[in-house]
Amino acid sequence: MKKKQTVTEEPVEMHPSDFPHGDEEEQLGAPKKPKRMKASEEEEVVYHPVKLSRSDLYRPPTAEELNHLKEAESLFHCSLLKMQMEELLKEVSLSERRKQQIDSFVKTVTKLLETVPVSPKVEVSDLSWLSGTVKVPFLLVPKVTKGKFHMAPPASVDLIGSYPLGTCVKPHIKVDLAATIPADVLHPKDFLNQRYPRKRALYLAGLAQHLRSSSDVGELRYSCLHGNRLKPVLLLSPPGKDSSSFTVCVHACPPPGFFKPSRFHPQRNNIRTEWYTGLQASHDENSEPPTPHYNGSILGDLLPRAHLQFLSAIGSQCSAFSDGVALLKVWLHQRELDQGAGCFNGFLASMLLAYLLMNHRISNTMTAYQLLRNSLNFLASTDLSASGISLAKDPDSTAPSLAEFHNAFQVVFVDPSGHLNMCADMTASTYKQLQHEASVSMQFWDDPTVDGFHCLLMTPKPMIRTSDCVFQLCDLVKLQASCKKQNLLSELMDHSGNYVQTVLPFLLALLQQGLNQRIHLLTHSLSPDPEWSVERETPKYKAQPPLSFGLLLNPELAASVLEKGPPADSPKAAEFRQLWGSRSELRRFQDGAITEAVLWDGKSAYQKRLVPNQIITHLLQLHAGIPVSCVRFVGTMVDDVITTGNEVPSTGEEESLVVVQSYDDLSRKLWKLEGLPLSITAVQGAHPALRYTQVFPPEPVRLDYSFFEREKTCRFLVPKEGKPCPHYLTPITVICHMEGSGKWPHDRTAIRHIRAAFHISLAEMLKKHHNYTCLPCPTHLDVWKDGLVFRIQVAYHREPQVLRESVNAEGLLVVRDNEEAQVLEMATIHKPLLTSTLHGLQQQQPCFGAVCRLAKRWLAAQLFSEDITEDTADLLVASLFLQPTPFTPPGSPQVGFLRFLRLLSAFDWRNNPLVVNLNKQLTAAEYTEIKNDFMASRESLPVMFIATPTDKKMSLWTRRAPSVQMLQRVMTVAAESLKVLEQQLMDGSQIQDVRVIMRPPLDAYDVLIHLNPKQVPLLRHAVDAPVVTFSRGVMTNGADQAGGAFPVVDYNPVSLYLTELREAFEDLALFFCDPYGGTVISVLWKPKAFVPAPFKTSHMAARSVEVTGGEVKTIPNVEAILEDFRVMGKGLVKSVDARTEKWMF
Amino acid sequence: MAPSKKKHATKQACVTPEGFAVLPLQFSPDSAARHSLYVKEHKVRAEKTSCRPLDRTLFVLNIPPYCSQSVTQDLFSKFGVVASVELRDVPGSSQESGPKLPKIFRPAAKQGFKVGYVVFESSSSVTAAKSHPHDESLVVSTEQKPVKTGVQKWIQHYTKSIIHPDKLQQTVDSFMQDYDKRQEKEAERQREEAEKQQEDEEGWVKVTRGHKGAKARPHSEAANQRTLQREARKKRRKELMNFYTWQHKNTQKEHIAELRRKFEEDKQRIALMRAQRKFKPY
């Protein structure tokens, strides 16, 4: 940290003369409070703007200080980022205490290893020298091995890897220890036919047996290095309570230079087919298939010390080397790229930095920040799968060339010796993923509107939240069959029987070819390194967790149902037919072309989203022999909760479109009306259904007239008392602005009457010209059209202004903001604007609406819909699309929903405003301005602060709700839901019921009011489909034609009841209910209301008096209140369940 | 406020301090739980309006939402003939209302617990109400006069909320005619005021004290603000910037101070984040 000499930590003495009135006082605007930044007050730490005393601010600067200030200003767009990185490094680096612990433990282990007893020489297959409890960490395929083996103390024990280099980071501290196998245990020909790896495993077992007897070593486990079963390692943890703080990883190595590196040329063969298959074959070594992966894995054992020397030589030249590596490691870890088979681990990260230093891509004087930036830039711009790089300065003549490496491996990064490809196990698609991540990071790094540090290093990117679509291969044993089908015997031999790693590149290539334009990126999970106790047998390959694949979809093409191939007569047609098999057909298109094509099924948007699924299962079955039952498609599991539709399952896109089209028609007709006293200046939708975000979009209905009571004079329908509550018809709000004119009165009641007159004349004209049934009211005009109801509200743009004006006692015209005006502005200005803006966003991002619907369904089910309103939720979702960093905009509803939950739970609402840059209108300067304003008046602003281009200071949408307590609860529930859901999605063995996250726990509430399902109009939308359904007076097929009696609109007993309850008991209790078919109202008493209070005439609602010892106190009259619940909801309430045992008063 | 002195020997009215008597109230004859109404004679030092005569008015607290004006009137007619009932959200003096609006144009009233001012025909009813025995409760909904709640009430409301367009048109028309008349009168009055300010033929202006709010110049708060701002701008324009050496020095000093301030703010923010353990990447 940069320090300043005289920054006082104690409260600054302030004299009036110190602060003359000036802008400085206003800018700081700090409350006169001493700084409180102690860790003990962690919960309550609030950001208070600092106040430096005048003498501090205007002190003559020293040269050093000026430098610091300038550096911070010029190097980083905000000095904050620099400081944040320094703080992060402090968090991940090892403490001195921990280092001492490690050193002493390593010393003990080294001593123990040196005392390993010597055992007599026996045949390799003879395991009698090993006590039965410790097993050998090796899969013996095939079983026969030649050679002799005996146990002897290691020739040397050295620290290798990240710990001696100083690049070791928390968590999962791993200290690598290399035990050199004495030369007489090995034979110079041992590199052949897995003899060396087997002896190595035996040697490790011997070490394990010896260490097991010591009390200085805690638990002993085997693992294998980056999933390579040829290279088992022994994991030791310290005894006692430190056991989880770090692990020591013992590698066994041959003596340096024991084997000649030239033996391990990627084109040479070191596993004989005859030995591997047990069949007699040709004896000619040259005709044997090359075994590059096997060669590489043995060669890798020879070099760790050389690599350590190389890295420490490089690292000593560059002061920030270890910090740079640490940052890069954190970056990789957050992206799940640093562990498992074929990963880009910390070692490769160090080597990459070394490469950049050697090639002067970065200089020795750069800071850790710059090292990270340059290495990401390099990764983003260089494709190691096409043009590999080498660290070897002057390789000897036997070293293979880069081209030879490229022939054998997908990704090439050659080590300093020139013989080893360090990225041997990496698939091209992993490298592509790395490149993609690096380029995404580079894109937002310089964006001042993004919290770069947070996105870069603090946000975890698990596959389920990163990829638009995820699918898993569950039964890995089936991959053996695909190896056979693809004829991959020699590759299988090269990978020593690891069929998963063998077949993976082929599967990836196949899927890439099949999905082609539909995806931007195909990623796969890196199978984690297995760990098992030394007493257990080595786990088989099939015991690995399922292999997951992630797709990053191309929104334009992903859902297309047609795969158009080459013309029938072109030579490529055969290739196309070969790929798609029987699905490929000859088709004639409108332009006359006759081409090969594949047509997938899919009518609704929901079904079209499943097209990639169809492709994947088809290709895997056709070419890899993987049955459908093994493929688990996770991409659309959550969509299930908002699916409707009987014949064609749909998630609401089609229904919304019908509504929008009907609205467009109405809007056109309104514009064309002639003969109104004032002309229409704007027709704007102001309803979620008009921006595709209504959870269950209104569906056109046809009325069953006999179900209703009929009002004769005005020809409208009324619900019948004995019948179930009729179908709920949502009025779709449309705002109709009238032109401003001197004819409008300047008086609030008069304007209201004029509006009513407009409603009447609009109704008459719509009836006359288009024969729509209309019902004018003073506040709105309902139009019954195409089986939908539109609620037109006439608006006058100066009305809010009129509402704000009043004449005070002195006759002065004053303008005061008031609630009435705010509500009106919200309805006639802000909501229509938001609706049209989000409608635009939906046009760019086809799954925006579906994400909103999922998010709002979840909020409603968890009883939060009163606190996070529809508009707020839509804005939150919009922010996921407008500022997706560090992700890409969600390409499927499910991933969007997961990120929504993450946003709710992880965003720091207390200290940050959420800026939703609608239409990209905000500039960087405005972002800063918003942030500063927010900081300055945090306490008076809503707890959830959302800024938009039209609303930078107020957070209009969250002004009323949520409260602190509710937001806190929303955050906890969101975090919990996310956890449960992600676990369930990624683990096919759990019970698959995504609705679990939609069932709120009800035991936290004090009273439950159970409703009569008959009177709950939206019952069919309930989370768990109802057992009984009621006839609600509508017919399912087709929409009503114009004319006929006016239907029952906006009649929902549940919401009427809730309104009444809230108005009557708002001081005493909170009421929660799922608006979409919830049949329970949960009531929570407000604890404050139940504290006995003194008698006050203004505060007596539903309270009773208690006289105790001359003191008069009032408490709520609970008995009577419960009775009122029943009385007020007569006919709707089934029972009131008071959970008296929970009450504490 | 002395507690009521009239206590019956046998059936005692329950009296709480501050002079309130308790009237139990239950919704229907078979309801188990009761609300308690708190009643007292209406007493204020200065009652401005005549609609709450001091001796005949009963002040009632805690009237449940299902007791509308008419229901309350029925409830209290037990104690004597009720002249009027006024229900309010909070106690306070009655407001003067503007032109009487039809119900449909009034904003929807809150349906919560209310306080009421019940005006009886005779003052003896007030005492009768206050001395009502506390174990005998008033019943809101009886067989003769059922009070509709719940689904029945909502359906009724829904039906009532719909008005025939012609009727609506009539209401609007009559209001607007009324409004136009008022506007005309107002315009007339203003014209007269203006006339009075005119010079007569000899150049004299008659200065009279007009009544409040009749200023010739339209004047508002916003206009006042604008004038003040204009003045301030003028003042600022007269000053010269960066003219003297000391002014220049000051600007540089300000710049450094700004940098320092920003640096300090960042440091504080970091301290805060560290306190919240915001740097743990996982």
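Let me begin with chain B, where the centres of domain 1 and domain 2, taken over C-alpha atoms, are 63 Å apart. Domain 1 covers 15–160 and domain 2 covers 241–282, with bounds that come from an automatic or database domain assignment. Please keep in mind that this is a predicted model, in which local features need pLDDT of at least 70 and side-chain atom pairs count only at pLDDT 80 or more, while totals for chains, interfaces and linings use all residues. Residues are numbered from 1 along each chain as its sequence is written, chains are lettered from A and ligands numbered from 1 in the order in which they are written, and side-chain values use heavy atoms, with hydrogens and water left out.

Turning to the interface, 114 residues from chain A and 80 residues from chain B take part in the contact, which means heavy atoms within 4.5 Å. The rule finds two salt bridges across this interface, a salt bridge being a side-chain nitrogen of Lys or Arg within 4 Å of a carboxyl oxygen of Asp or Glu. Glu1066(A) forms a salt bridge with Lys110(B), with 3.0 Å between the closest N and O atoms.
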